[in-house]
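The sequence and coordinates are shown below.

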Amino acid sequence: MSHALQKGSLVINKKSPVDTEGAKERWETIENAIYHIYQENASTLSFQNLYTSGYQIILHKYGDILYHGVEETITAHIAAERGKVLEESDSSFLRALLAYWDRHRTAVSMIRDILMYMDKNYVPQHKKLGVYDLGVKIFGDCMLKDRKILERVRSLTLQIIQAERNGETAPQRMLLKNLTGMMTEVGKRDVYEPCLEEHFLKDSSEYYSVEAANYFTTSTTPDYIKQVFKRLDEERDRVQRCLDDSTKAKIENVIKQEMIAAYKQPMIEKENTGCLSMLRDWRVGDLRLLYDCMKLINETSAMVQVVKEFLLDDGIRLVTDPEANHQPLQLLESVLALRDKYSDLLGTAFSTTEEGKIVHDKAFEMVINKAFEDIFNKNPRFPEYLSLFIDSKLRKGKTQVRDEEFDIIFDKVLVVFRYLKEKDVFEKYYKNHLAKRLLGQKSSSEDAERSFITKLKTEYGYQFTSKLEGMFQDIKISQDTNESYRHHLNSVTQKPVCDMVVQVLTTTYWPVPKTTEVTLPGDVNRAAEHFKHYYLAAHSGRTLQYQFNMGNVDVKLRTPTRSYELNVSTHQMVILLLFNTRDAIPFMELQEQTKIPELDLKRALLSLCHQPKQCSPLLKKEPANAKDVDATLIFNEDFKSRFIKVKVSQMVQKETDDQARDTRSKVDEDRKWQLDAVIVRVMKSRKVMEHRMLIVEIIRQVSGRFTPSPDEIKKRIESLIERDYMQRSPESRSKYTYLA
């Protein structure tokens with residue numbers, strides 16, 4: 001409005017009586033003022049007089065005349081203006097409507113001011129709309145809800161939005177925002193939502209359905225998803241700048257339904273660009289795009305299935321490759337690399353960020369973990385290979401691992417270890433490898449050895465590592481014992497010719513193989529007996545048995561040209577010392593004199609007859625192609641080496657099928673005792689138990705070491721029944737009772 005009401009000090013004469021005629025006269029004055037207000041000529045009006053007139057009408061109980069008069073006057077004015085608005089062309093129609101809406105709101109605001117007394121008294125008493133709200137309602141009823149007005153508003157608004165989507169015109173955001181504001185103020189639920197929003201969403205659904213069909217057939221899956229995200233951003237921006245905030249979620253759902261949900265399976269399965277293709281080419285960025293897209297509709301199950309099948313196919317093919325068993329360390333490296341690869345994928349492509357932290361998608365995490373569990377347990381020799389892998393890292397060698405790298409390696413190993421179902425098999429092999437490292441002084445770091453055992457202990461408890469810790473304890477005690485023995489030798493007159501360092505091992509801790517007595521050379525035998533006598537004297541009640549197949553010896557070798565120091569196994573030492581008096585010895589005679597078992601003798605001779613790069617062989621076999629039992633061993637008097645100290649390595653033979661079966665047999669035997677112990681422990685605490693519940697409880701308690709089958713448990717139950725540890729209940733054969 002270009003003019004405003006004249007306001008001054010308000011003086012009201014309350015004593016002037018007002019009857020019906022007086023009320024009508026005063027209403028006519030107000031009606032005339034409303035006309036001038038709509039004509040934008042309010043500057044000639046007196047606010048005081050008009051306020052007083054309204055006040056007196058209400059005070060003398062003629063409020064109905066005033067309220068209905070205002071309602072009819074505003075209605076008549078809007079009805080008259082409606083025709084003028086309809087005469088506008090399409091290009092100016094919306095702006096003309098908004099211009100009138102602005103003038104109408106200003107006029108109603110001024111009418112509200114002069115009728116303030118009615119708003120404060122008559123309106124609440126009679127539960128009527130206030131003057132401003134009444135004006136807004138009348139505008140909606142007489143203007144916006146008019147069929148012709150409404151259809152043009154809706155049609156022109158949707159045309160503007162369509163043109164914007166197609167990039168045909170510059171955005172008319174202020175115009176759209178003002179239209180939305182007008183409609184929501186008049187009535188969000190009965191004007192904006194049914195008259196504009198519903199049609200906007202319907203048109204959007206049709207538009208994006210067509211666009212999706214056209215775009216999907218001509219684009220790759222990643223490009224299609226980028227278009228989806230682009231459209232989502234555009235619609236969010238349009239709602240924020242042009243429409244009501246409540247429309248945002250609704251238009252998002254339209255795009256999600258038409259462009260994502262309708263194409264969720266085709267997007268995943270599309271040849272050369274779908275999920276499988278992304279995994280084959282390892283396009284992590286595209287997988288992230290696809291995941292974010294599917295996450296919008298909470299439909300990641302199909303994608304999860306593709307990842308699971310691809311991983312299983314890739315992993316199982318890797319671990320079941322016949323060539324893989326010939327290179328177990330490379331196999332472990334490959335599988336660990338595969339695990340790292342998918343761990344990175346999980347954090348990069350299948351995760352969200354919550355409070356600054358990366359949170360993995362539970363469905364993908366679970367399926368990847370389950371897939372790796374199947375992969376690691378597909379190859380029955382995996383527990384052995386895992387132990388070999390750790391042994392290669394902890395053993396002294398050419399490629400030493402830095403101390404700071406051990407924790408990283410151990411953490412990776414523990415991830416694999418958690419997947420293993422036969423942890424007791426791993427324990428069996430690990431104990432063998434650890435024993436060889438400790439006894440052969442091949443461990444690269446005692447701290448690293450203890451660190452790994454501590455990690456195992458933290459994961460699976462003291463019982464799992466008690467024997468491993470006992471092995472370290474034996475080594476420490478043996479060091480003290482040897483120190484005491486050296487002090488003892490200083491106090492005796494007759495000392496052994498040979499110096500000895502003896503590792504005293506507790507049978508229950510160490511994987512000690514069966515050994516047989518061998519014929520030791522005289523000086524060596526006297527030294528061994530001397531230590532044995534000393535030890536048993538200090539530890540009464542114990543027995544001591546030498547493991548000749550596990551020791552090593554330093555031997556001096558003198559040739560016509562040079563002297564050498566040989567480091568050989570105990571068996572090799574026994575063999576070599578026989579050549580002090582003879583140049584050639586037949587195999588069978590050698591076996592008879594040494595009493596070394598045939599298999600161990602062959603292994604020892606294999607190393608002695610082998611010619612490494614740095615030296616010549618110590619023994620020669622004649623004839624060279626003869627079988628061992630038919631050959632004669634001849635000492636090589638022309639032995640030469642580039643080094644004075646020569647290590648004659650024991651030939652490491654891969655575990656044979658018989659040895660693998662023997663190891664498995666020992667594991668199975670151990671499992672029987674473990675199952676027996678668990679069954680008795682459970683029955684002792686429960687006294688009476690159903691068969692099914694007993695099976696479940698036993699599996700739960702031993703699953704940390706291995707997973708027994710119900711048939712295995714049943715056999716152990718039958719064995720315990722035969723040994724009177726428990727019996728079947730007289731009430732039911734499926735129930736057991738503990739026998740004290």
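The points that follow cover a charged patch, a hairpin, aromatic pairs and backbone details. The model is predicted, so local features need pLDDT of at least 70 and side-chain atom pairs count only at pLDDT 80 or more, while totals for chains, interfaces and linings use all residues. Residues are numbered from 1 along each chain as its sequence is written, and side-chain values use heavy atoms, with hydrogens and water left out.

**Negative surface patch**

- Asp 19, Glu 21, Glu 25, Glu 28, Glu 31 and Glu 72 form a negative surface patch.
- Patch residues have over 30% relative accessible area and no salt bridge, and like charges are joined within 9 Å; accessible areas come from the Shrake-Rupley method with a 1.4 Å probe.
- A salt bridge is a side-chain nitrogen of Lys or Arg within 4 Å of a carboxyl oxygen of Asp or Glu.
- Asp and Glu count as negative, with the charge placed at CG of Asp or CD of Glu.
- Helix 1 (residues 20–38) gives the most to this patch, with four residues; Glu 28 is found in helix 1.
- Helices (H or I, at least four residues) and strands (E, at least two) are DSSP runs, numbered from the N terminus.

- Strand 1 (residues 351–354) pairs with strand 2 (residues 357–360) in the antiparallel sense over four bridges; pairing requires at least two DSSP bridges.
- Ser 351 stands opposite His 360, and Thr 353 stands opposite Ile 358.
- Two residues lie between the strands, and Glu 355 takes a positive phi near 55° in this hairpin.

**Aromatic pairs**

- The whole structure holds 34 aromatic pairs.
- The ring centres of Phe 406 and Phe 410 are 5.6 Å apart and their planes are at 25°, so this pair is stacked.
- Rings of Phe, Tyr and Trp (its six-membered ring) pair if their centres lie within 6.5 Å; planes under 30 degrees apart count as stacked, over 60 as edge-to-face and the rest as tilted.
- Phe 406 and Phe 410 are separated by about one helical turn because they are four residues apart in helix 19 (residues 403–419).

**Backbone details in loops**

- A cis peptide bond, with omega about -15°, joins Glu 622 and Pro 623.
- Pro 623 is in the loop between strand 6 (619–622) and strand 7 (632–635).
- Asn 298 is not a glycine, yet has a positive phi of about 55°; its place is in the loop between helix 14 (284–296) and helix 15 (301–319).

Methods:
Patch = residues over 30% accessible without salt bridge, like charges linked within 9 Å, V, L, I, M, F, W, Y side chains within 5 Å.
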